[in-house]
Amino acid sequence: MTTQQPPRLEMRRVVKTFGPVVALDSVDLVVARNEVHGLLGGNGAGKTTLMNVLYGLYRPNSGEVLLDGEPVTVGSPRDAIDAGVGMVHQTFLQVDNYTVTENIVLGTDVSGALRLDLDEARKRIRELSTRFGLSVDPDAVVEDLPVGVRQRVEILKALYRGARLLILDEPTTNLTPQEVDDLFGSMRAMVDDGMSVVLITHKIRETLGVCDRMTVMRDGRSVETIERSDTDADHLADVMVGGTTGPGELIDAAALGAVDAEEVEVTVSSVRDAVGVSVQGLVVNNDQGHELVPGFDLEIREGEIVGIAGVAGNGQVELAEALAGVRAVRAGSVEVGGRSMCGRPASAWLDHGVAYVPEDRHRDGILPTASITENLVLGSQRSPGVRRHGLLDWGAAKQRAVEAIEQFSIRANGPATPAGDLSGGNIQRVILARAFARRPRMLILHNPTRGLDLGSTRFVYDQVRVATDAGCAILLLSEDLDEVIAMSDRVIALFKGSRAGEWQKGTVDAYEVGRSMTGLGEARV
Amino acid sequence: MGEITEFLTLMIPAMVPFLLAAQGTVLSGRAGVFNVSQEGLMVLGAAIGFLVSFKVGSNTVGLFAAFAAAALFGLVLAYMTTQLRLDQFVVGLALYFAALGAAGLLYREVIGVTMAPPLIPTLDDYPIPLLSEIPFLGEVLFDHDLVVYAAFLISAGIYWFMYKTRSGLAFRSIGENPKAADSLGINVTWARTWSTVVGSGLVGVAGAYLPMVYTGLYTEGMVAGRGWLVIALAFLGGWRPHLVVAGAAFFAGMEVLALRAQVAGIGIPHQFVLMLPYVATLLVMVFAFRWARQPAFLGRNYDRESRLVG
Ligand SMILES: Nc1ncnc2c1ncn2[C@@H]1O[C@H](COP(=O)(O)OP(=O)(O)OP(=O)(O)O)[C@@H](O)[C@H]1O
Ligand SMILES: [Mg+2]
């Protein structure tokens, strides 16, 4: 061939509005053949919206899409699939009670529509999973699978349909570091196989590790496209936060995910002598009634941050919920600010200044159809600030919401926007705004920066600092080891609901923590 | 004829209205459309089935007319919920009242007030050759009118479609997670529309069967709450066609029992017997709620561009 090959994907001047909200304001995107293309940008920048347009889920107001040089009209996901586009969404789209194979074949092979012969499909799935290193059991029911495996099922869905272009919307947020490495390996295999991949992520390390080129979006526009060879971590960080310089180095290290975050000097510590939270012999069951936390002791001093590092499913959720007063405690005691809290209703915990930022924000964190104002006022509806004559003072509540939107830079069309309409990162901001607004005595943060962009991550860390300066005791549970190490005054490794190791700030070795988390380390309590 | 044989022989045709209406309900329910207008559609089906049979002189035409009329109501339900995204319960209840009104009006317009109520011939029995010769079973199962056979064949057909075909796999996924289905190129609106139209049609046929099977008469209260029972039956059967057959047998058995208790003048007020299906449904829901599971998206509309679902 003499002429140059057209790019795999070209999107031109795409515009998409939701009522008065302009989500995409004339966006261009070019993805070459055989490349991993990073799509970066802050929360609410329009990354997911752009990809939903490409996948036929959103109908754009205007704009053009070309695949391999051919103009295509994508009116529905069917069109996108037929054109060779596959998408893995920010939240899994799976039928929970179907098997892996059933989920994957769903809607394919119209010719065999009147039979249900899945042997052929099973064989294809096995073949694809070996070829791309995505191991799954085709006969497992998806609701029984851990997130990492469900992720692979989503990717296999696209591969099974012969996608030439695969979109991955923040695929790594739920994965362990090992799983992330495996995923990147698979992505490389796909690209070598002739595919193109669009990767949406907020993590600079991931971007640099796997992307060949990247496009940065801001406020519904694409600002620039960068070659991997022309950039480094600092430059990318600048571009992503829009050139504004952020606060301290410590924050940067954590946000950037530097492995040697612990090398950063700690200057001031806000830890006081008074004990903020005292937990003794805490026993908690999981939803199925199994004892997941078999006796946990913990003391957090005022102004101290205790970080819990662990692989998901080792009792973090149960521990966090028990300490937040929303899960029944089987045995043991919890004292907050010197007052025994066990056995009191959740509202008493709230009133006493216990704030909780749960991990599953869609399920536990917000009411999707309620407005931002309503979501912000939840839990503090009894507090004097928003009450008048025994009723809720909606004027005051709205005022608060307006302030929170401003302060936490929530990207939304006013306080009346339903929380469920917000982008993933902005939902998280609403939850954080609610937690911090209470000036809590104890704050439980579970994966607080998951899905947040760089700027917001910094912002959260700043807020955490403000809270500790005010004497708040903080429990930070996170699957992001870098974050735990950089933020915490003390790090505890959690394995099967028990303490598998504990380190003071400055003595933490990431690898040692990693080994303890997986049950390989020697306990050092 | 033995006591049991007689009971079962009566029970089988009594199952038909339950079966047809419940399978119709389950069909659209598995795609996520929760129809609550069954009672009205059955009354309408009974009126139209009767009137058309009376005027045309053919029960078959009457049955098809009842299907068509109820299917039209189903189309309205589908349109209002998939296109306009109105609440399924509200639209369903409105259709219930509309169908009820339409039935009464039609009967009055066509027949008016008469001294002797008009009569249509009841359906003929078609004993199936050979099979009906089998002792006991032949009598119980294979010596009925054609609608009885059709009702069982339709149940089997729906089961086969849902569980033995790829289209059925895709179809059921819509009631579980429409967004997942949509993202795989499955046409949610189309599936919800056809299943609601066909399902409602079946409910209409279920109603039309009533005047054709026992007396040949149409009376205003002849559906007698069966339409509401059908909703309970769908839940009792966990929205699965094969279990619905078992549930229909139970409901029909109760009905026959209540009738006989009344005839025999046994001490128990027959209202108690009439309550039994509801009580049974409640008990099942309480004790076997895992088994009696329902489609996760039952009764909820789907809007592709909204983030509020899923
Ligand atoms: N279905 C919708 N209805 C209303 N508004 C929407 C909808 N989808 C997106 N938006 C708005 O469009 C904007 C862009 O959202 P989008 O989800 O694309 O952001 P994002 O870049 O993916 O952010 P994040 O990193 O937080 O996931 C946001 O302001 C969001 O509120
Ligand atoms: Mg997004």
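The dialogue below looks at helix packing and cavities in a predicted model.

Tutor: Welcome! This is a predicted model in which local features need pLDDT of at least 70 and side-chain atom pairs count only at pLDDT 80 or more, while totals for chains, interfaces and linings use all residues. Residues are numbered from 1 along each chain as its sequence is written, chains are lettered from A and ligands numbered from 1 in the order in which they are written, and side-chain values use heavy atoms, with hydrogens and water left out.

Student: Why is H10(B) called oblique to H11(B)?

Tutor: Helix H10 (residues 226-236) and helix H11 (residues 241-264) of chain B pack at an angle of about 140 degrees, with axes 9 Å apart. Angles under 35 degrees count as roughly parallel, over 145 as roughly antiparallel, 65 to 115 as roughly perpendicular and the rest as oblique, so H10(B) is oblique to H11(B).

Student: Which residues of H10(B) and H11(B) meet?

Tutor: With contact meaning heavy atoms within 4.5 Å, B:Arg226, B:Leu229, B:Leu233 and B:Leu236 of H10(B) meet B:Val244, B:Gly247, B:Ala248, B:Phe251 and B:Glu255 of H11(B). By class, that contact has six nonpolar, one polar and two charged residues. Here Ala, Val, Leu, Ile, Met, Phe, Trp, Tyr, Cys and Pro count as nonpolar, Asp, Glu, Lys and Arg as charged, and the others, Gly among them, as polar.

Student: What makes H8(A) roughly perpendicular to H16(A)?

Tutor: In chain A, helix H8 (residues 233-241) and helix H16 (residues 454-469) pack at about 90 degrees, with their axes 8 Å apart. That angle makes H8(A) roughly perpendicular to H16(A). A:Ala237, A:Met240 and A:Val241 of H8(A) make the contact with A:Leu454, A:Gly455 and A:Arg458 of H16(A).

Student: How many cavities of 30 Å³ or more does a search of the whole structure find?

Tutor: Three. A cavity is a set of points, on a 1 Å grid over the protein atoms alone, where a 1.4 Å probe fits but cannot get out, and lining residues have an atom within 4 Å of a point. The largest cavity has a volume of about 90 Å³, and its lining includes A:Gln151, A:Arg152 and A:Asp182. Helices H5 (147-160) and H6 (177-192) of chain A each supply at least two residues of that lining.

Student: What gives the most to the lining of the second largest cavity?

Tutor: H5(A) does, with three residues. About 80 Å³ of space lies in the second largest cavity, and among its lining residues are A:Tyr55, A:Glu154, B:Ser183 and B:Leu184. The classes there are five nonpolar, three polar and three charged.

Definitions and conventions:
Axes are lines fitted to C-alpha atoms, for helices over the stretch in contact, and angles run from 0 to 180 degrees between N-to-C directions. Helices (H or I, at least four residues) and strands (E, at least two) are DSSP runs, numbered from the N terminus. On a 1 Å grid over the protein atoms alone, a cavity is a set of points where a 1.4 Å probe fits but cannot get out, and a pocket is an open set with protein on both sides within 12 Å along at least five of seven lines; lining residues have an atom within 4 Å of a point. Grid points are joined across faces, edges and corners, and a volume is the space filled by probe spheres set on the points.
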